[in-house]
Amino acid sequence: MSAVIRHDYSLAEVSALLDLPFAELMHRAGKVHREYFDPNQVQVSTLLSIKTGGCPEDCGYCPQAARYNTGLKAHKLMEVDAVLAKAAQAKSAGATRFCMGAAWRSPKDRDLEKVAAMVSGVRAMGLEACATLGMLTAEQAKTLKSAGLDYYNHNLDTGPDEYADIIKTRDYQDRLDTLGHVREAGLKTCCGGIVGMGESRAERAALLQSLANLPEHPGSVPINRLVQVEGTPLHGTAQLDPFEFVRTIAVARLLMPASMVRLSAGRAEMSEELQALCFLAGANSIFYGEKLLTTGNPDIEADRALFAKLGIQGMPLAEESKTVHADVLCGDSCAV
Ligand code: SAM
Ligand code: DTB
Ligand code: SF4
C-alpha cells in the first residue's frame, strides 16, 4: 500500500523519524520514493534573478538585503526579452522549469505586469514557469495564474520558534497568508526552508512539521543548505553535519511522499557522494545552471557527469504542463 498523505503530524512523530538509525531512515525514504516516483529521474529547473539586491527586508541569511554589506551589485527588474533569452538557453541546456526570482518584499502592480509577460513568454516556450517575488495579495496571485504561472515559490524558511531570530521584517503568518493566496488562485506551491542556520534537530523537525501540515503539501519542497555569504549575520555559522542534511531530505520525503523534494541551494559546496546520498534519501529535483540567484551552483557539465555516473535521467515535463493554454499564447487577440 502506498504511503498515505497526511496533514496531522505531531512534532514527536517527526522527531522520531529524524532520530531513526540512518540505514533504517534511508530504507524507509527510498521505499516511499519508489511508491510515487521513478528514483532514477530528477527534475531540473533553472533559476534567474530578474531583480537583484537592494531588498528592504531583513533576512539574516540573504546576500540581497540592502542593509548588509555583501558587495553585491544591485540590478533593476530585467527587460522581458532579456529574460526570455535566458529561458531559451535554459531550455536548450535541458531544463524543464524556469524560475524567476526577485529581491522584493512584495511586487508592485506595475512590476507584476512585466513579470506576467515574462511568465507567458516562458510558458509559450513549453517550459514550466515558477516565480518567487515575495509576499502576494490574492489579486496578484490570480494575475500570475492568468499569465500561465505553474508554481509560486514562497518558503517558510525556518520552524516557527526560530523564525523571529532570523527574519525580522515579516512574520510567519504573513508567509502562511501568501501561501493561502497562491493556493486559492489555483497555483502550485513551491515551499521549503533553509537548514544549517545553527538550528537544532528539534527546530528542523518543527520546520518539516509545518511544511507537511500545510493545508496541501507543496508540489515542490526546496531544502536549501545555507550558502554562507560574507556580510550577512549568518556568515560564520557552524557547518551542519552532512548526515543531518541527508536526514532532513529523507524525512521530507517520508512526510510529503508525492511532492518533489528539491536538493536546492548549497550544492556547490557538496561532494558528489553527499548529493548521491540526498538522491537516495528521496531528493528528486535540482537547480541546474551555474548560478542560483546571486551565488554559485555546480556547472552544467559537472551535473551532467554526475547524472551519468548515477544513471539519473532528467524528469520529463508533466503531461499537464505540455499544453499551453490559448490565452497564454495569444492573449486577448486569440479567437478561441
Ligand atoms: N524576495 C523573495 C522572498 O524572500 O520570498 C524571493 C527571493 S528569496 C532570495 C527566495 C529564497 O531564497 C528565500 O526564501 C530563501 O529560502 C532562499 N535563500 C536566500 N538566501 C539564501 C542563502 N544564503 N542560502 C540558502 N538559501 C537562501
Ligand atoms: C529556493 O528555495 N531556493 C532558491 C529558490 N528557492 C529561489 C534560491 C536560493 C538562493 C541562494 C542564495 C543566492 O543565490 O542568492
Ligand atoms: Fe529580500 Fe527575499 Fe532576500 Fe529576504 S530573502 S532579503 S525578502 S530577497
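The lining of the second largest pocket comprises 11 nonpolar, seven polar and five charged residues. This pocket belongs to a predicted model, and its volume is about 360 Å³. Of the 23 residues that line the second largest pocket, F37, Y151, G219, A258 and M260 are the closest to its centre.

**Largest pocket**

- The largest pocket has a volume of about 470 Å³.
- Its lining consists of 21 residues, of which L47, L48, K86, E290 and K291 are the closest to the centre of the pocket.
- At least two lining residues of the largest pocket come from strand 1 (41-51), and at least two from helix 3 (80-93).
- Classified by residue type, this lining holds 11 nonpolar, six polar and four charged residues.

**Largest cavity**

- Three strands, namely strand 2 (97-102), strand 3 (128-132) and strand 7 (220-225), each contribute at least two residues to the lining of the largest cavity.
- The lining of the largest cavity includes 23 nonpolar residues, together with 11 polar and six charged ones.
- Ligand 2 takes up space that is the largest cavity, and the space taken by ligand 3 is likewise the largest cavity.

**Ligand 2**

- Ligand 2 is surrounded by 14 residues, with N155, N224, L293, T294 and T295 as the closest.
- The shell around ligand 2 is made up of seven nonpolar and seven polar residues, and no charged residue is present in it.
- An N or O atom in the side chain of N153 lies 3.1 Å from a nitrogen atom of ligand 2.
- For N224, an N or O atom of the side chain is 2.9 Å from an oxygen atom of ligand 2.
- The contact with L293 involves the backbone: one of its polar backbone atoms is 3.0 Å from an oxygen atom of ligand 2.
- The exposed area of ligand 2 taken alone is 400 Å², of which the protein buries 88%.

**Ligand 3**

- The residues around ligand 3 are C55, E57, C59, Y61, C62, A65, A103, W104 and R170.
- By class, seven of these residues are nonpolar and two are charged, while no polar residue is found in the shell around ligand 3.

**Second largest cavity**

- The second largest cavity has a volume of about 30 Å³.
- G196, R225, L226, Q228, Q239 and L240 form its lining.
- These lining residues divide into two nonpolar, three polar and one charged.

How values were computed
Residues are numbered from 1 along each chain as its sequence is written. Chains are lettered from A and ligands numbered from 1 in the order in which they are written. This is a predicted model: local features need pLDDT of at least 70, side-chain atom pairs count only at pLDDT 80 or more; totals for chains, interfaces and linings use all residues. Side-chain values use heavy atoms; hydrogens and water are left out. Helices (H or I, at least four residues) and strands (E, at least two) are DSSP runs, numbered from the N terminus. Ala, Val, Leu, Ile, Met, Phe, Trp, Tyr, Cys and Pro count as nonpolar, Asp, Glu, Lys and Arg as charged, and the others, Gly among them, as polar. On a 1 Å grid over the protein atoms alone, a cavity is a set of points where a 1.4 Å probe fits but cannot get out, and a pocket is an open set with protein on both sides within 12 Å along at least five of seven lines; lining residues have an atom within 4 Å of a point. Grid points are joined across faces, edges and corners, and a volume is the space filled by probe spheres set on the points. A residue is near a molecule or strand if one of its heavy atoms lies within 4 Å of it. A molecule sits in a cavity or pocket if more than half of its atoms lie within 2 Å of its grid points. A polar contact is a pair of N or O atoms within 3.5 Å; within protein, one must be able to donate a hydrogen and the other to accept it, and residues adjacent in sequence count only if both atoms are side-chain atoms. Accessible areas come from the Shrake-Rupley method with a 1.4 Å probe; for residues, only the protein chains shown count as cover.
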